[in-house]
Amino acid sequence: MTKRRLQPDNPAEWLNRAKSSLALAKQRSSEIYLEDLCYQSQQAAEKAIKAVYISKKLVFPYIHDISQLLASLDNYGVNIPREVKSASKLTLYAAQTRYPGLENPVSEEEYEEAVTLAEHVVTWADRNMPQ
């Protein structure tokens with residue numbers, strides 16, 4: 001069943017998309033590269049962070065760098081927990097690991113960490129949504 005789509009300026013829609021990317025990141029199969037699942041983890045974190053921007057009526061930069069997105073939010077006075085800041089590691093998966101030969105294959109441990117980091121960001125963003 002597909003969720004009802006919300007307007008793109010609604011932070012809940014961005015959070016829905018973040019949760020969708022996180023669900024994809026958890027879809028293990030022998031036919032799916034871990035790099036591709038880590039990319040979905042990065043996407044989940046990025047969309048969740050951008051949901052927070054929108055919920056606070058802030059304009060986010062059109063970048064994929066998790067560290068920069070969080071630093072900008074921090075400059076606006078948004079409290080960012082340590083485990084969310086750790087998600088800056090996910091930026092690597094936005095581009096480099098998506099293409100053959102640019103990086104070493106992702107290990108099982110790196111994959112598990114990527115999913116955990118994305119989960120922390122999505123949970124934090126969910127808690128930052130207006131009621």
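1. Axes are lines fitted to C-alpha atoms, for helices over the stretch in contact, and angles run from 0 to 180 degrees between N-to-C directions. Helices here are DSSP runs (H or I, at least four residues), numbered from the N terminus.

2. A word on the model: it is predicted, so local features need pLDDT of at least 70 and side-chain atom pairs count only at pLDDT 80 or more, while totals for chains, interfaces and linings use all residues. Residues are numbered from 1 along each chain as its sequence is written, and side-chain values use heavy atoms, with hydrogens and water left out.

3. Look at helix H2 (residues 34–55) beside helix H5 (residues 108–127): their axes come within 9 Å and cross at roughly 15 degrees. That makes H2 roughly parallel to H5 (angles under 35 degrees count as such). The crossing of H2 and H5 is left-handed, meaning the near helix is turned anticlockwise from the far one by less than a right angle.

4. Which residues of H2 meet H5? Among them are Leu-34, Ala-48 and Val-52, and the H5 side includes Tyr-111, Val-115 and Trp-124 (contact means heavy atoms within 4.5 Å).

5. Now turn to helix H3 (residues 66–75), whose axis comes within 10 Å of that of H2, crossing at roughly 20 degrees. H2 and H3 are therefore roughly parallel, and their crossing is left-handed.

Methods
Helix = DSSP H or I, 4+ residues; strand = E, 2+ residues; numbered from the N terminus. Parallel < 35°, antiparallel > 145°, perpendicular 65-115°, else oblique.
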